[in-house]
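Student: I would like to learn how to read a model like this one. Please take me through its features in turn.

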Amino acid sequence: MFVDLARIVVVAGDGGRGCVSFRREKYVPRGGPDGGDGGDGGSILLEATETLSTLIDQKYQQQYRAGRGGHGQGNNREGKRGADWVIRVPVGTVVTDADSGELLADLAVSGERVAVARGGGGGRGNGRMATPTRRAPRIAEPGEKGETRTLQLELKLLADVGFVGLPNGGKSTLLAACTAARPKIGPYPFTTLTPNLGVAVLEPGASYVIADIPGLIAGASRGAGLGHQFLRHIERVRILVHVIDCAEAAAADPVAAYRIVEEELTAAGRALPDRPRVVAANKIDLPHEEPLARLVAHCAAAGILCFPVSGATGAGVGALRRGLYRLLQEVREERHARPVPRAATG
Ligand SMILES: Nc1nc2c(ncn2[C@@H]2O[C@H](COP(=O)(O)OP(=O)(O)OP(=O)(O)O)[C@@H](O)[C@H]2O)c(=O)[nH]1
Ligand SMILES: [Mg+2]
C-alpha cells in the first residue's frame with residue numbers, strides 16, 4: 001500500500017524528579033544535602049532514510065513516546081537519561097505541526113535528522129540547591145514535562161520529471177518504455193492508483209527520475225476520479241510532461257486534453273508556472289495524422305517542445321529520453337546561475 005499522508009502524536013519523555021537526601025555516614029555529623037538531579041527525558045527525532053518509500057508505518061503506529069528520565073538518588077547520583085525515540089521516515093517527508101501549521105522540517109536528504117519533541121529537563125536535587133543561608137534544603141525540583149506535539153507528515157516524491165495526463169493516455173506504458181519500472185497497465189481509466197517511479201538511465205552517471213502521476217481528469221480538483229490527492233507530488237518535479245493520446249480513436253481531442261490538465265493544475269493551486277512543459281504525443285503507432293497535427297501546431301504556437309512517441313512500440317522514446325535529459329541539465333544550470341531566493345521562514 002502506498003501511504004503518503006499520516007498524522008502522528010509524539011510525546012517526549014518527562015524529566016526525572018530531583019532527590020531530597022542527606023549524607024549519612026559514621027563520624028560525619030550533618031553530612032549535608034546530597035540528593036542527585038533527575039535525568040533528562042528522552043526526545044523524539046525523525047530520521048530520513050532511503051530504505052522506506054511510504055509512510056505506512058506511521059499510518060499504523062500513530063503514537064510515539066520517548067523514555068522518561070530517571071529520578072535522582074541519594075549520594076548525588078543523577079537519574080538516568082530517558083531513551084530517545086528515532087522515527088524513521090522516507091526521504092521526501094515534509095513535517096508540519098498539525099496545530100499551528102508551522103513547517104518543522106523538509107527531510108530531503110538520507111540520514112537527515114530533526115528533533116520534533118524535546119524531552120523535559122531533569123529537576124535539581126537538593127544537593128545542588130544548598131546556599132550559604134540555606135544549607136540544608138529539604139526541597140528538590142520536579143522534572144519538566146516532555147513536549148507533546150501532533151505532527152502532519154506528508155511524503156512528496158522526489159522526481160525530476162512528472163508525467164501527467166488524462167487517464168488511459170498511456171503514462172504508465174511510457175514510463176515502462178523510458179525506464180526499468182514495470183507499472184500496471186490496463187485498457188481502462190484509473191489503472192494507476194498511486195504514483196509510480198522509474199529511473200531513466202541514458203548511460204552510467206546520466207540518469208533522472210520520472211514519476212507517473214495518476215488521476216487527472218476534468219473536475220479532479222473538486223474530487224472527481226482520484227481527486228487531486230497525488231498532485232502534491234508534482235510540486236517537486238522540475239519538468240512536467242503531458243502524455244497525450246493522439247490516436248484518432250481517442251476519447252478526447254489532444255489540445256483539449258492538454259487544457260483540461262492545465263486547468264486542473266491551476267484549480268488545485270499547483271500550476272507551477274516556473275516549471276517547463278513538454279508534450280509527449282503518444283500512441284503514434286495507431287492512426288494519428290489529424291490529431292497529432294493539431295497538437296503539434298498548438299505546441300509550436302505555445303513554444304512547448306513536442307515529442308511524438310509510442311510507449312507501446314518504443315518509437316520516439318529515445319528522443320524523448322534524451323530531450324528530457326538535456327532540458328533537465330538546462331534547468332539545473334539556470335538554477336545555479338540564478339540562485340533561488342530562500343523562502344522566508346517563521
Ligand atoms: N496502441 C497503443 N496503445 C497504447 C500505447 N500506450 C498505451 N497504450 C494502451 O493504452 C491503455 C492505457 O495505458 P496506460 O499506460 O495504462 O495508461 P495510463 O495513462 O497510465 O492510464 P491510467 O493509469 O489509467 O491513468 C493500455 O491499454 C495500453 O496498452 C501506445 O503507445 N500505443
Ligand atoms: Mg497508469
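Student: In which sense do strand 2 and strand 7 pair?

Tutor: Strands are DSSP runs (E, at least two residues; helices are H or I, at least four), numbered from the N terminus. Two of them pair if DSSP finds at least two bridges between them. Here strand 2 (residues 44-49) pairs with strand 7 in the antiparallel sense, over four bridges. One bridge joins Leu 45 to Ala 115 in strand 7. This is a predicted model, where local features need pLDDT of at least 70, side-chain atom pairs count only at pLDDT 80 or more, and totals for chains, interfaces and linings use all residues. Residues are numbered from 1 along each chain as its sequence is written.

Student: What is the strand order of the open sheet of three strands?

Tutor: The order is 4-2-7, with mixed pairing. Strand 4 (85-90) and strand 7 (113-117) are at the edges with a single partner strand each, so one side of each has no neighbour in the sheet.

Student: How is the chain divided into domains?

Tutor: Domain bounds come from an automatic or database domain assignment. In this chain they give domain 1 (5-155) and domain 2 (161-337). The centres of domain 1 and domain 2, taken over C-alpha atoms, are 48 Å apart.

Student: From which domains does the lining of the largest pocket draw residues?

Tutor: A pocket is an open set of points on a 1 Å grid over the protein atoms alone, where a 1.4 Å probe fits, with protein on both sides within 12 Å along at least five of seven lines; lining residues have an atom within 4 Å of a point. At least three lining residues of the largest pocket come from each of domain 1 and domain 2.

Note on methods: Chains lettered and ligands numbered in written order. Heavy atoms only, no water.
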